[in-house]
Amino acid sequence: MMNLMNILAEANEAVAVTAADTTAATTATGTAAAAPAGGDLIMTLGMMVAMVAIFYFLLIRPQRKKDKQVKNMLAALKVGDRICTIGGLYGTIAALKDDTVTLTMGSLQNTIVIARWAIRSVENVALENDAEPQI
């Protein structure tokens with residue numbers, strides 16, 4: 001235990017001597033190693049601006065564009081549109097209210113009420129199972 005303490009004390013003294021020698025050499029040459037150059041600061045700021053621009057064009061801008069398309073699609077819903085919900089249900093809009101949509105689904109024309117935000121897309125193709133029941 002005592003040997004370990006002696007080794008650590010010697011290591012600390014060696015580091016202190018090395019630091020003192022470096023400081024003496026710096027003052028002897030007249031240059032200060034601690035002061036950053038102006039070019040480094042400009043380069044750092046330039047890199048930060050470039051990173052923000054990359055994030056904007058790769059992440060933020062496409063997401064805003066997608067959100068705008070979804071908002072326009074939800075605003076343009078009308079009775080009779082064929083839709084797909086986020087849960088994978090297909091149906092036809094029977095009624096619209098502020099934040100709710102009534103859907104009819106299947107050959108028995110079952111109705112359900114869902115939230116408007118739960119609509120994934122408006123479909124163009126009619127499904128076979130929504131046809132009139134065959135007797």
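Predicted model: local features only at pLDDT ≥ 70, side-chain atom pairs only at ≥ 80, totals over all residues.

Reader: OK. Is Asp81 buried or exposed?
Author: Asp81 is buried, because its relative accessible area is 11% and buried means under 20%.

Reader: Which residue forms a salt bridge with Asp81?
Author: Lys78 does. The closest N and O atoms of the two are 3.2 Å apart.

Reader: How many salt bridges are there by the rule?
Author: The count comes to one.

Reader: Let's move to the strands. How do β1 and β2 pair?
Author: They are antiparallel, with three bridges. Ile83 stands opposite Gly91 in β2.

Reader: What about the hairpin of β1 and β2, how many residues lie between the strands?
Author: Four. Gly88 in that hairpin takes a positive phi near 90°.

Reader: And which way do β2 and β3 run?
Author: β2 and β3 run antiparallel, joined by four bridges. They form a hairpin too, with three residues between them.

Reader: What stands opposite Thr92 in β3?
Author: Thr104. Thr92 itself sits in β2, residues 90–96.

Reader: Which side chain makes a polar contact with the one of Thr92?
Author: That of Arg82, at 2.9 Å.

Reader: Leaving out neighbours within four places in sequence, which residues is Thr92 in contact with?
Author: Gly80, Asp81, Arg82, Thr102, Leu103 and Thr104. So Asp81, the buried salt-bridge partner, turns up here as well.

Reader: Now Cys84. Where is it found?
Author: In strand β1, residues 82–85.

Reader: Buried or exposed?
Author: Cys84 is buried, because its relative accessibility is 3% and the limit for buried is under 20%.

Reader: What is in contact with Cys84, beyond four places in sequence?
Author: Leu89, Tyr90, Ile119, Arg120, Ser121 and Glu123.

Reader: How far apart are Cys84 and Glu123?
Author: In sequence, 39 residues. In space, 6.8 Å from C-alpha to C-alpha.

Reader: Next, the nonpolar core. Which residues make up the largest one?
Author: There are 10 residues in all: Met73, Leu74, Leu77, Ile83, Ile93, Val101, Leu103, Met105, Ile114 and Ile119.

Reader: Which elements give two or more residues to this core?
Author: α2 (38–75) and β3 (100–105). β3 gives the most, with three residues.

Reader: Why would such residues group like that, in general?
Author: In soluble globular proteins, nonpolar side chains tend to be buried together.

Reader: Do the aromatics next. How many aromatic pairs are there by the rule?
Author: One. Tyr56 and Phe57 form that pair, and it is edge-to-face. The centres are 5.1 Å apart, with 80° between the planes.

Reader: What is the relative accessible area of Tyr56, and of Phe57?
Author: Tyr56 is partly exposed at 33%. Phe57 is exposed at 51%, because exposed means over 50%.

Reader: Last topic, backbone angles. What is the phi of Gln109?
Author: Positive, about 55°, although Gln109 is not a glycine.

Reader: Where does Gln109 lie?
Author: In the loop between β3 and β4 (110–115).

Reader: And what is its relative accessible area?
Author: It is 39%, so Gln109 counts as partly exposed.

Conventions
Residues numbered from 1 in each chain as written. Heavy atoms only, no water. Polar contact = N/O pair within 3.5 Å; in protein donor to acceptor, adjacent residues only side chain to side chain. Contact = heavy atoms within 4.5 Å. Phe/Tyr/Trp six-rings, centres within 6.5 Å; stacked < 30°, edge-to-face > 60°. Buried < 20%, exposed > 50% of the residue type's maximum accessible area, 1.4 Å probe, protein only. Core = buried A, V, L, I, M, F, W, Y, C linked by side-chain atoms within 4.5 Å. Salt bridge = Lys/Arg side-chain N within 4 Å of Asp/Glu carboxyl O. Pairing = 2+ DSSP bridges.
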